[in-house]
Amino acid sequence: MQLQNNSPWVQHTPRIWMMLVGAIALLLSLPLMFVISHLFGRPSEVWQHLATTVLSGYVLNSLGLMAGVSCGVMAIGVSTAALVTLCSFPGRRILEWSLLLPLAAPAYILAYVYTEILEFYGPVQSGLRAVTGWQTVTDYWFPNVRSLGGAIVMLTLVLYPYVYLLARVAFLEQSVHMLEASRSLGCSPWRSFLKVILPLARPAIAAGTALALMETLSDFGTVEFFGVGTFTTGIYRTWFALGDRSAACQLAACLMVFIFGLLAAERWFRQRAKYYQTSSRQPFPRYRLRGVRAAIAQITCVLPILLGFALPMAMLLNLSVNSLQNGEITASWEFAKHSLILAGLTAGLGVAIALLMTYGLRLYPSQGMSFAVRFAAMGYAIPGSVIAVGVLVPIGQFDNAIDRWMQSTFDISTGLLLSGTIAALVFAYLVRFLAVSFGTVESSLGRVKPSLDEAARSLGCSPVQTLVKVHTPLISGGLLTAVLLVFVDVMKELPATLIVRPFNFDTLAVRVYRLASDERLAEAAIPALAIVLAGLIPIALLTWQIQQTRRSFD
């Protein structure tokens, strides 16, 4: 939308906004471009060693995780979404929002909890030995939770809500007329689902699965704790154990190839699976389940909630009671303050930057600016370990360059100005989670009619005044949602925090990781519980949205 005011400020506003948004987008894109540049760099000796020893294992484990998690999240997400959307059975209304609860718990917390439950010393195997009389591990076989299969199960339990949420919306938005047509042609409810409803929802299911797989590739705590070598663990070990930043960057670049391939495959699949239907606001007919079928539906929906949220929460609460007696809550408060400071700073800056970018696109919707902003917002698809490498190496080079110049010019050593500071960590968070705030703010601002901009201009308001006095109050709900989502994501982020954080500035996530790595889960229970409780904030927002859509379609 072009401005029609003749004042010099208004005439130059699009150019000013374009330069501002372009500079911010370039700054936030630097870590990604730096990592990508290492795809064409000369391999170091450490990289050659990694390529001949562990790189194939990283690739195979990553592919195995992707295959297992994709099957798991689709099986659970699609089946539960179909049951609560297309069928009617006792408890359906409660289950339709309860199925989102596992999304509040990071996978690494589930890994710690289930290790405590299923290991040799845990209550499950101890109970088996007490009942059967077995004495040692040679007397019986029990699956090893610390394995690739265990990591797949943990990630599936917390990531299936991505598929569930999108599949449920896709089922609700389908036309009733198409379902009635299939019934009139003699299709049973099951056949109508397979031949009509499920194909129409394939793009949404593919999108949800892609989101789950991106989270899988970015996971660090689960695979590290279970001893499964992936790209994220390899980056961390290469950086800290081997001390080779160049090789870590090359590993990060390889992981980005995986991510870009996944994004390309998801986009290709959605283009190949285009289906159209007419919209309908008629109540969606639900198939009533009774007796055994209703019980099976209830069990199918309750099990993911029980295993992915209720059981881990009960275990954490039990362990937290013991930790309270030992004064662990006092020790955890310092780490909670660090997490709150980082999350608050990142959430505020992230939403402010997202607001600047979205309004800049509104003022000057050019293709170049749109590409720059979209590329800068790709960080959410990139693992935190990759972004950490892309942030630390350039910042370290910048610090060293400033230090050399100051020494040669003024004989003064500046040391490290940005490396190992809160500023570097917040910048890494912004690169990682800008897409969350940008998508939310863009969606809210897109619902504001352009006629309001014109009305504000006619009253003498500048674009900045229009943004502050008109747009911001109208989209305050979207801004608050963006703040909460970024806040919770920062609270849970582990790999980027481990690599970039300042010395002696651990967060709740790092605290949990350290204690669990030392097999001190009882002490880790309180900070882990705090992270899970923080994760319930976006779940409450999603629950409210589900209730709104249910009123629209019921």
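Trainee: How many salt bridges does the count come to?

Mentor: This is a predicted model, and the count rests on the side chains in it. A pair is included when a side-chain nitrogen of Lys or Arg lies within 4 Å of a carboxyl oxygen of Asp or Glu. By this rule the total is nine.

Trainee: Which residue forms a salt bridge with Glu523?

Mentor: Glu523 is partly exposed because its relative accessibility is 28%. The closest N and O atoms of the pair are 2.7 Å apart, and the partner of Glu523 is Arg520.

Trainee: Are Arg92 and Glu96 buried or exposed?

Mentor: Their side chains meet in a salt bridge, at 3.6 Å from N to O. The two residues are four apart in helix α4 (residues 92-98), so about one helical turn separates them. Burial requires a relative accessible area under 20%. Arg92 has 7% relative accessibility and Glu96 has 1%, so both count as buried.

Trainee: Where in the chain do Arg237 and Glu224 lie?

Mentor: The side chains of Arg237 and Glu224 meet in a salt bridge of 3.4 Å, N to O. This pair links distant parts of the chain, 13 residues apart. Arg237 lies in helix α11 (residues 231-240), and Glu224 lies in helix α10 (residues 221-226).

Trainee: Are the residues of α11 mostly enclosed or exposed, and how many of them are buried?

Mentor: Arg237 counts as partly exposed because its relative accessibility is 33%. The buried residues of α11 include Phe231, Ile235, Tyr236 and Trp239. The helix is largely enclosed by the rest of the structure, because the buried residues of α11 number eight of the ten.

Trainee: Which residues of the largest nonpolar core touch the most other members?

Mentor: This core has 165 residues. Phe89 is one of the residues asked for, and its contacts beyond four places in sequence include Leu83, Leu95, Leu289 and Cys301. The residues that touch the most other members are Leu28, Phe89, Phe171 and Met357.

Trainee: How are the axes of α5 and α6 oriented?

Mentor: Two packed helices are described by the angle between their axes and the distance between the axes. The axes of helix α5 (residues 107-118) and α6 come within 4 Å and cross at roughly 15 degrees. Angles under 35 degrees count as roughly parallel, so α5 is to α6 roughly parallel.

Trainee: How do the residues of the contact of α5 with α6 divide into nonpolar, polar and charged?

Mentor: On the α5 side, the residues are Glu116, Ile117 and Leu118. They meet Pro123, Val124 and Gln125 in α6. The division is four nonpolar, one polar and one charged.

Trainee: Which residues does Gln125 touch, not counting those up to four places away in sequence?

Mentor: Gln125 lies in helix α6 (residues 123-132). At 6% relative accessibility, Gln125 falls below the 20% limit and therefore counts as buried. The residues Gln125 touches are Leu118, Glu119, Phe120, Tyr140 and Phe142.

Conventions
Residues are numbered from 1 along each chain as its sequence is written. This is a predicted model: local features need pLDDT of at least 70, side-chain atom pairs count only at pLDDT 80 or more; totals for chains, interfaces and linings use all residues. Side-chain values use heavy atoms; hydrogens and water are left out. Buried means under 20% relative accessible area, exposed over 50%, partly exposed in between (1.4 Å probe, protein chains only). Contact means heavy atoms within 4.5 Å. A nonpolar core is a set of buried Ala, Val, Leu, Ile, Met, Phe, Trp, Tyr and Cys residues joined through side-chain atoms within 4.5 Å. Axes are lines fitted to C-alpha atoms, for helices over the stretch in contact, and angles run from 0 to 180 degrees between N-to-C directions. Angles under 35 degrees count as roughly parallel, over 145 as roughly antiparallel, 65 to 115 as roughly perpendicular and the rest as oblique. Ala, Val, Leu, Ile, Met, Phe, Trp, Tyr, Cys and Pro count as nonpolar, Asp, Glu, Lys and Arg as charged, and the others, Gly among them, as polar.
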